[in-house]
Structures are given as C-alpha cells and as structure tokens.
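Hi everyone, thanks for coming.

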Amino acid sequence: MERFDKRDASAMLTWESALDREQTSRQALPEAAAVALACKMKAKEKYQSDLWLEIEHLTKGIVQQDSSSSSSAGFSTTSNAVVPCETDAIENMFEQNLKIKFYISSRSTSPSSPSGDEADLVKVIDSAHLPVHTPTIKRKEYHSRIPFPTKNKTHQFFLMSFTAPTKCHQCTSLMVGLIRQGCVCDACGFSCHTTCVEKAPRACPVPFQQKKGALCLDLQKGMGTAYEGHVWIPKKTGVEKGWQRALAIACDFKLFLYDMDEEKDSKPNVVVSQSIDMRDRAFSVSPVWSSDFIPGKKKEMLRMFKVTASQLSAPSNRYSIPILADSENERSEWVRVLSELHKILRKRHSGDRSVYILKEACDSSLPLIKTTQTATIIDHKRIALGNEEGLFVVHVTIDEIIRVGDMKHIHQIELIPHGQMVAVISGRRHHVQLFPMSALDGRKTDVHKLVETKGCQTMTSGTVCQGAHTCLCVARKSHVFCYELFQSKKISHRKFKELQTPTNVQWMAIFGEQLCIGFQSGFLRYPLKREGIPYRMLHSHDPTLSFIARQPVDALCAIEISSIEYLLCFKSIGIYTDSRGLRSRPAELMWPATPTYCRYNAPYLSVYSENAVDIFDVNSTEWIQTVPLKKVRPLNSEGSLNILHLETIRLMYFKNKMTNGDELVFPESDDRQKQASVPMPRQQAALFLPRSKGKGLPPKAL
C-alpha cells in the first residue's frame with residue numbers, strides 16, 4: 001500500500017505540472033485569437049436569427065391550449081403499450097435549454113403545470129446552476145432569454161443531489177433518495193436516473209420529438225408518473241388537530257406523499273412521508289361520506305377522499321388514510337386516476353411482491369412488553385425479552401413466563417448456539433455477562449461476568465478456524481475486545497486480541513474469519529486469528545467513493561453478499577463494494593426516508609425510518625415492500641421481532657412468506673390462554689408460572 005501511495009503521489013504531481021503548463025499557455029493566447037473568436041460569434045448569432053425566422057414560420061397555426069390546474073397522465077385503460085403524452089410543441093422544443101432553477105411551486109395546483117410566478121432557487125451540491133425539475137416558462141421570453149443551439153452534441157452528465165422531489169426526464173419516474181438521486185447534463189439540464197443514462201437520447205439538447213412530457217406512464221413496465229398535485233393530509237397528532245399541506249404523486253403504481261410547510265413559497269421535502277403500494281390486494285380509493293365517521297367539516301367532506309390498504313396500522317388488517325383535495329373536481333380526478341391505475345394492475349394480474357406478514361407475537365396487555373429494550377427468538381415456541389426489570393423467557397403457545405437470574409437493565413441479548421451460551425449486556429454500567437443456555441429453561445446456573453467490558457455499547461459472536469473456536473467481540477467506544485469462550489463445567493474466557501478503531505464503533509459483525517466494524521464514514525475488516533493490518537472496505541483511491549469521506553455520515557450495517565462483494569449501508573445511501581474496497585456496482589441503494597436502523601435477513605434488507613419500514617432485495621437492488629408502521633424499532637439483529645410504540649405498545653413478529661418453515665409457531669385456536677404478569681422478586685433466580693384460567697385473544701395477522 002505504501003508503494004501504491006508513492007506511485008499515486010508521483011502521478012498526481014505530474015498531472016498538476018501538466019495542468020499548470022496548460023493554464024499558462026491559455027493565458028498567453030495572442031489577441032488575434034480573441035478577434036477571430038468574436039467574428040465566429042457574430043456569424044453564429046446571424047445563423048441563429050435566421051433559424052428563429054424559420055421556426056416562427058413553421059409554428060404558425062399551432063393552437064395553444066390552456067393548461068389545467070391539475071395535470072393527469074394521458075393513458076388508456078385498455079392499452080398495454082407506452083402511452084404517448086401530449087405536451088406543447090414549442091415548450092418541449094426549448095424546455096431543455098433553460099438556464100434557471102425550478103422547484104414545485106405551492107401556488108400551483110399541479111407541480112408540473114405552467115405557472116406565472118417566478119421560481120425560487122434549489123440548492124445543489126457541487127453542480128452548476130441547472131434545472132432540476134420539469135421547467136415551466138413564458139412564451140414571450142423565448143426570443144430574449146433562450147439561445148437556440150446551432151447543432152446537436154452529446155450530453156455531459158454529472159451526479160446531482162436534489163433537495164426536492166424530482167422526476168426523471170427519460171422514464172418520468174421519481175428519483176427517490178436522500179443524496180445523489182440522479183444525473184444532470186451540464187449543457188442542457190436533462191436529468192435522469194443513473195440507470196437511465198444509457199437509454200437517454202444521445203443528442204444534446206434532446207429533440208422535442210424524443211422528449212417525454214412531465215406525466216407519462218409505461219403500462220408494460222409499470223414506470224412513470226400518472227398524476228400529481230397538492231393535497232392536505234392529517235397532522236401527525238390526528239385529523240382532530242388539523243391538516244398538513246403535502247405533495248401527492250402517483251408514480252410507479254405507488255402513491256407518494258411529501259410533507260410541505262404551510263408557507264406559500266415552501267417546497268416539498270425530499271424525504272418521502274408515506275408510500276402506499278397500489279399492488280396491495282386491499283388497496284382501494286373512494287370519496288369520504290358522512291357514514292365513514294371521519295372528523296371534518298361539512299365543506300371539507302365534499303373535497304375529501306380516502307385511500308385504503310393493508311399493513312398500515314396494527315392490529316387491523318386494513319386502514320384508511322383521509323386526504324383532502326383543493327376542490328371537488330380535484331377529488332373526483334384523484335379518485336378516477338387511482339381507480340384506473342388499480343384496474344390496470346388487476347387486468348395485468350400483477351402479483352403481490354410483499355415479503356413479510358405482520359403478526360402480534362404475544363398479548364399486548366403483558367406488562368413486560370411496555371419496557372422491552374431487546375429480544376431474540378430462542379426456538380419456534382419461546383422468545384427471550386430483556387427490559388429494565390430483567391431477562392424473561394416467554395412461551396408464545398402456552399401461559400408460561402420464566403425469569404432468568406436476577407440481572408437488571410438488559411440492553412442486548414446474544415445467543416451463542418455453538419458454545420451453548422447466552423451473552424447479555426446488563427446493568428447501569430453496561431457489563432457483559434455469560435451463562436449457559438440451560439438457564440433459559442428455568443435452571444439455576446452460575447453467571448460469568450467480563451469485568452473489562454464496563455461501559456460497552458454492543459457485541460457480536462461467531463466462530464473462527466472453521467467452527468473450532470467460539471469468539472465474542474465487545475465494543476467500548478473506539479476499543480474492541482476479542483475473547484475466546486470455553487464451556488466445560490464452568491464458563492471461562494481468554495482475551496486474544498484488542499483492536500483500536502478510528503472513531504467510536506457504530507456497528508459490528510463477524511464475517512468468516514474476519515471482524516467487520518462500522519464507524520463514521522467507513523468500515524474495516526480485521527483478521528481475528530492471525531496478525532495483520534485491517535482491510536479498508538472503502539478504498540481511498542476510488543474517486544467514486546470520496547463523497548463519503550467529505551460529508552461524515554453514520555454507518556448502519558454491512559452485508560456480506562458473497563465472498564467478493566459487500567453492501568455498505570450508511571445513513572444517507574447504500575454502496576456496493578468488492579473485497580478490495582472498490583465500487584462493484586454503479587447502482588446505489590436509495591433510502592426513501594432518513595433511516596434509523598438497518599436489519600438483514602438474507603436476501604432482504606429492512607430499513608427503518610420514522611414512518612415506515614422499507615424492504616429491499618440486496619441482490620436486485622429492488623424496493624419491494626413498504627410496511628407503513630410508525631414508531632417501530634427492531635429488537636433483534638434479523639429484524640424479525642419489533643416493538644411498536646403507539647398508544648398500545650405491541651410486540652410484532654415479521655413472518656417471512658418466502659421461507660418454508662417459521663421461526664415462531666402460533667396457536668390456531670381462538671381460545672388461546674392469556675399471558676399473565678410476573679412478579680419480580682430480587683432474590684429468586686427463576687420463576688415458573690402455572691397456566692392461567694383466563695381466556696384471551698390470539699395473535700392477529702395484520
């Protein structure tokens with residue numbers, strides 16, 4: 001690596017000297033070159049004026065139609081081909097040449113409809129002043145503001161981070177993400193997905209015959225924007241507290257909602273507030289009537305409609321979101337468009353792509369759930385719960401709750417099946433304690449405490465040397481302690497390595513014979529059983545990855561897709577790298593909203609945000625499901641157990657439909673016994689409760 005650094009430094013000096021020579025030569029150009037350039041510019045201006053006269057002659061007789069307050073897609077419900085989108089010919093011809101910045105104005109009913117108001121500026125990162133949305137212009141300003149190009153040239157694309165919802169000019173789909181959502185041409189402002197760059201027209205600027213309108217839907221691929229407009233959605237505290245302004249976009253057979261400030265000139269946030277998939281079998285849209293018992297004024301009822309889908313709230317199977325339009329006509333148009341889109345999906349027999357089905361793991365009246373901090377699945381009938389009062393084993397099929405030991409304040413539970421041990425981080429001082437798995441059956445056992453781990457924040461376990469040795473790694477700030485565990489009559493340990501990370505450890509896991517550690521703006525792989533330097537999972541010499549170091553971002557998790565490829569998940573983006581730390585795929589995972597946690601259960605990645613859980617297939621990079629549960633937090637490393645912090649705190653189980661077996665088995669009868677509360681004596685190590693005679697409700701599938 002030192003030789004590589006020296007070689008790169010030498011090459012960099014050579015490039016800098018060549019650049020200095022070129023700049024010097026440019027500054028020393030003779031005055032004759034400037035005179036020749038001025039002559040060429042005059043000739044070009046004369047040629048442009050001739051072209052303008054010819055264009056005015058050709059465009060005579062074109063009927064100009066007034067744009068409506070809301071824009072709808074011109075698609076046919078009986079056709080399966082790409083539907084042509086009707087737009088104004090002159091506006092399409094010169095739209096790509098605008099050198100303005102545009103955002104979706106809240107004064108317009110439709111973000112893509114022409115507006116006479118002057119658009120505000122959009123903040124961009126490391127980019128020129130180019131349009132980042134579908135621009136709208138005044139026809140009277142054509143001659144004075146827009147130069148006509150003399151000939152076509154190729155695009156010059158560069159990555160852009162948009163600060164408001166932006167559509168792709170190639171496929172008209174939304175460019176979802178927090179940063180680096182798409183590419184923009186430096187010359188004409190044509191913006192598109194990174195995957196659409198190769199499909200974009202080669203000519204720059206794009207001829208109006210090849211350019212798609214702002215609203216255009218591909219029925220075969222299910223891509224494109226069908227409708228958009230400003231609406232009102234209930235505030236986070238409920239409909240009774242009022243309505244909040246939002247931007248609604250029907251795109252890719254999904255309904256996207258973006259929050260907006262109540263100010264007149266405010267622009268929508270780039271973070272997706274809610275996403276509803278129309279492929280959901282329970283999806284429906286209808287006007288709101290007084291019989292729906294939705295709070296609201298009589299005048300608002302005439303402008304209100306509701307969208308119904310499944311898995312929007314627990315434990316109900318269906319949940320309706322009331323949406324308030326600006327007018328009765330707007331409501332009718334929204335209901336018509338969404339209904340037609342759903343009919344198209346049913347005619348195409350588009351299957352449900354969801355992966356997880358939600359179930360309630362145990363009765364919500366159980367007091368242990370309210371303060372649960374961590375949990376894990378022991379087997380298909382038992383769950384281990386950790387909270388402030390201690391560690392408990394809950395049987396999901398019968399009324400049994402066992403308390404394990406007299407530990408308090410359980411922060412993390414780690415099952416070590418190879419060593420037949422359980423490790424927990426407990427106490428106010430965050431110590432690691434070990435005990436045999438037999439303690440989970442209610443047996444009295446000794447507890448082995450690792451004194452050196454005081455103040456630790458996370459731990460992980462695994463095997464090394466092809467499964468011959470059991471390893472436990474504990475992180476305390478920027479230090480990592482690696483222990484080898486032994487189980488005979490008593491548990492013992494041996495510390496064989498201590499590691500130092502650049503900053504505090506944020507995530508940790510064992511991949512084969514290596515320990516992967518995530519910290520701010522980086523990941524490292526440390527060899528466990530042999531000495532050696534750590535491997536960078538983000539190589540410093542890859543210029544396409546340098547943006548991570550420039551803007552420090554938290555590390556969420558790393559996924560070992562294969563022996564030669566990894567997925568590195570940061571709080572702003574997901575990146576694919578190879579074993580050398582270089583980019584392995586041009587595609588990146590884009591988060592719809594700011595994530596708080598990431599959990600992986602092969603091959604699906606669950607990304608948790610404030611209002612939803614988004615599911616991605618890491619192999620295809622496809623966003624396949626959204627579970628719109630608010631205030632949900634994962635309790636285990638796989639994300640199968642989650643706690644839902646609503647008015648009624650619930651313990652949720654995410655059942656994977658794609659697997660043959662099931663981690664948890666629930667009783668099918670409706671007279672399942674209700675789980676009782678447990679007294680918590682300090683001296684008693686284990687407690688076994690007999691079955692209660694009371695009857696309760698079974699766990700419900702959402």
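Let me start with a definition: a residue is buried when its relative accessible area is under 20%, exposed when over 50%, and partly exposed in between, with a 1.4 Å probe and protein chains only. On that basis, 52% of the 702 residues in the protein chain are buried.

A word on the source. This is a predicted model, where local features need pLDDT of at least 70 and side-chain atom pairs count only at pLDDT 80 or more, while totals for chains, interfaces and linings use all residues. Numbering runs from 1 along each chain as its sequence is written, and side-chain values use heavy atoms, with hydrogens and water left out.

How confident is the predictor? pLDDT is its confidence in each residue, from 0 to 100. The chain has a mean pLDDT of 78, and 74% of its residues reach 70 or more. Confidence is highest in strand β31 (residues 565-570), at a mean of 98, and lowest in helix α4 (residues 142-145), at 32. Across residues 60-151 the pLDDT is below 50, and this stretch has 207 contacts in the model beyond near neighbours in sequence; a contact means heavy atoms within 4.5 Å. Residues 669-702 also have pLDDT below 50, with 87 such contacts.

Now the fold. Helices (H or I, at least four residues) and strands (E, at least two) are DSSP runs, numbered from the N terminus. The chain has eight helices and 40 strands. Of the contacts with a separation of 6 or more, 55% join residues 24 or more positions apart.

Met175 is 95 residues away in sequence, yet the C-alpha atoms are 9.7 Å apart. Leaving out residues up to four places away in sequence, Val270 touches Phe162, Tyr258 and Pro592, among others.

We use a 1 Å grid over the protein atoms alone: a cavity is a set of points where a 1.4 Å probe fits but cannot get out, a pocket is an open set with protein on both sides within 12 Å along at least five of seven lines, and lining residues have an atom within 4 Å of a point. Grid points are joined across faces, edges and corners, and a volume is the space filled by probe spheres set on the points.

The largest pocket holds about 1400 Å³. It is lined by 45 residues, with Gln412, Trp507, Arg599, Asn636 and Ser637 the closest to its centre. Strands giving two or more residues to that lining include β14 (372-379), β18 (410-416) and β33 (597-601).

There are five cavities of 30 Å³ or more. The largest cavity, at about 90 Å³, has 13 lining residues, and among those nearest its centre are Val272, Ala612 and Asp614. Both β9 (274-277) and β36 (622-627) supply at least two residues of this lining.

Last topic: how many disulfides are there? Taking a disulfide as a pair of cysteine sulfur atoms within 2.5 Å, the count is zero. Cys183 is buried at 8% relative accessible area, and its sulfur is 5.7 Å from the closest cysteine sulfur, in Cys192, so that is too far for a bond. Cys188 is in no disulfide either, with the sulfur of Cys204 the nearest at 3.7 Å. Cys188 is also buried, at 1% relative accessibility.

Notes: pLDDT = per-residue confidence, 0-100.
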